[in-house]
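Me: I am new to this structure and would like to learn how to read it. Please take the features one at a time, with the general idea before the case.

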Amino acid sequence: MAITAAMVKELRESTGAGMMDAKKALQETSGDMEAAVDWLRTKGLAKAAKKSGRIAAEGLVAVAVDGGKGVAVEVNSETDFVGKNAEFQGMVGDIAQTALSVDSTEALAAAPLNGKPVSEVLTDAIARIGENMTLRRMVAVRGDHVVSYVHNAAAPGMGKIGVLVALKGDADKAQELGKQIAMHIAATSPASLSEADLDPALVEREKSVLTEQARESGKPEAVIEKMIQGRMSKFFEEVTLLGQKFVINPDVTVAQAAAEAGLEVTGYARVAVGEGIEKKEEDFAAEVAKTLQGA
């Protein structure tokens with residue numbers, strides 16, 4: 001029996017198995033959908049479907065650098081315990097190395113790793129380890145020199161926060177200062193590299209708030225305008241990497257520290273595990289009380 005794309009799609013949706021696994025299951029069972037589901041179950045590949053709805057907000061960020069390119073990859077799991085699992089750590093490290101050869105999360109999911117697409121490697125890991133896992137994102141940074149840093153490292157090159165910094169200038173100085181700037185980024189989480197890179201909507205919203213605050217002072221319009229300009233300048237200093245006071249030496253900004261070393265910071269990325277994911281809050285006391293009431 002010919003195996004169609006529609007059949008593969010239907011089996012994938014009902015079991016959560018990877019595309020190649022679903023296709024193989026149908027081939028092994030001559031296109032019998034129920035038999036294919038059972039085949040996947042016996043291989044432990046259909047179990048992933050039951051776990052796919054769980055919130056995966058823990059996990060690891062891994063960084064990798066090769067020449068002028070650096071990548072940070074976030075792979076999520078349901079619990080922090082999995083992040084300490086050597087098998088999970090090895091897989092995340094391999095995925096980060098694979099990411100050096102692609103340019104998007106979608107391309108990474110389809111990229112080959114140990115003979116299978118990364119997405120299927122994850123599916124296999126879900127079946128073995130027993131938790132939902134997701135390849136959430138990858139970020140790439142390019143430059144003359146790229147330096148990486150991991151905060152709260154769980155293993156070499158991976159932890160809870162991964163940072164990449166791109167610089168121009170002397171290679172040795174770039175490595176030394178780049179590490180310090182990366183640590184600064186991990187601590188301050190700037191919104192952009194410079195004022196020019198800031199989201200216009202964010203700037204407009206901040207200006208609107210500051211304008212209302214200034215007008216409430218009741219001062220003349222000319223004075224209000226100067227107040228707004230001063231406060232916006234302060235805002236840009238606080239949220240842009242180049243404008244921030246350098247945590248290593250607060251007497252200078254990050255841009256000034258780089259310039260003094262004959263360097264220029266040209267780009268950066270900061271990736272933290274689970275940021276932006278709405279985690280389910282467990283109220284243990286309420287759960288116990290509910291259980292007792294039902295007893």
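Reply: Start with helices and strands: these are DSSP runs, helices being H or I with at least four residues and strands E with at least two, numbered from the N terminus. By that rule, Thr98 lies in helix α6. The model is predicted, so local features need pLDDT of at least 70 and side-chain atom pairs count only at pLDDT 80 or more, while totals for chains, interfaces and linings use all residues. Residues are numbered from 1 along each chain as its sequence is written, and side-chain values use heavy atoms, with hydrogens and water left out.

Me: How many helices and strands does the protein have?

Reply: There are 13 helices and 10 strands.

Me: What share of the residues is buried?

Reply: Buried means under 20% relative accessible area, exposed means over 50%, and partly exposed is in between, with a 1.4 Å probe and protein chains only. Of the 295 residues in the protein, 43% are buried. Thr98 is one case: its relative accessible area is 11%, so Thr98 is buried.

Me: Which residues is Thr98 in contact with, leaving aside its neighbours within four places in sequence?

Reply: Contact means heavy atoms within 4.5 Å. With those neighbours set aside, Thr98 is in contact with Leu108, Ala111, Pro112, Leu113 and Val118. For the protein, take the contacts with a separation of 6 or more: 64% of them are between residues 24 or more positions apart.

Me: At what angle do the axes of α6 and α8 cross?

Reply: Axes are lines fitted to C-alpha atoms, for helices over the stretch in contact, and angles run from 0 to 180 degrees between N-to-C directions. Helix α6 (residues 86-99) and helix α8 (residues 118-129) have axes that come within 12 Å and cross at roughly 175°. Angles under 35 degrees count as roughly parallel, over 145 as roughly antiparallel, 65 to 115 as roughly perpendicular and the rest as oblique. Therefore α6 is roughly antiparallel to α8. On the α6 side, the contact is made by Glu87, Phe88, Met91, Ile95 and Thr98. Helix α8 contributes Val118, Val121, Leu122, Ala125, Arg128 and Ile129.

Me: How many nonpolar, polar and charged residues does the contact of α6 with α8 have?

Reply: Ala, Val, Leu, Ile, Met, Phe, Trp, Tyr, Cys and Pro count as nonpolar, Asp, Glu, Lys and Arg as charged, and the others, Gly among them, as polar. The contact of α6 with α8 has eight nonpolar, one polar and two charged residues.

Me: In what sense do β6 and β7 pair?

Reply: Two strands pair if DSSP finds at least two bridges between them. Strand β6 (residues 145-155) and strand β7 (residues 158-168) are joined by nine bridges in the antiparallel sense.

Me: What about Lys160?

Reply: Lys160 is also found in strand β7. With a relative accessible area of 22%, Lys160 is partly exposed. Not counting residues up to four places away in sequence, Lys160 touches Glu58, Asp80, His151 and Val271, among others. Lys160 and Val271 are 111 residues apart in sequence and 8.4 Å apart in space, C-alpha to C-alpha.

Me: Where is Ser30 found, and what is its phi?

Reply: Ser30 is found in the loop between α2 (19-28) and α3. Its phi is near 55°, a positive value in a residue other than glycine. Ser30 is exposed, with a relative accessible area of 52%.
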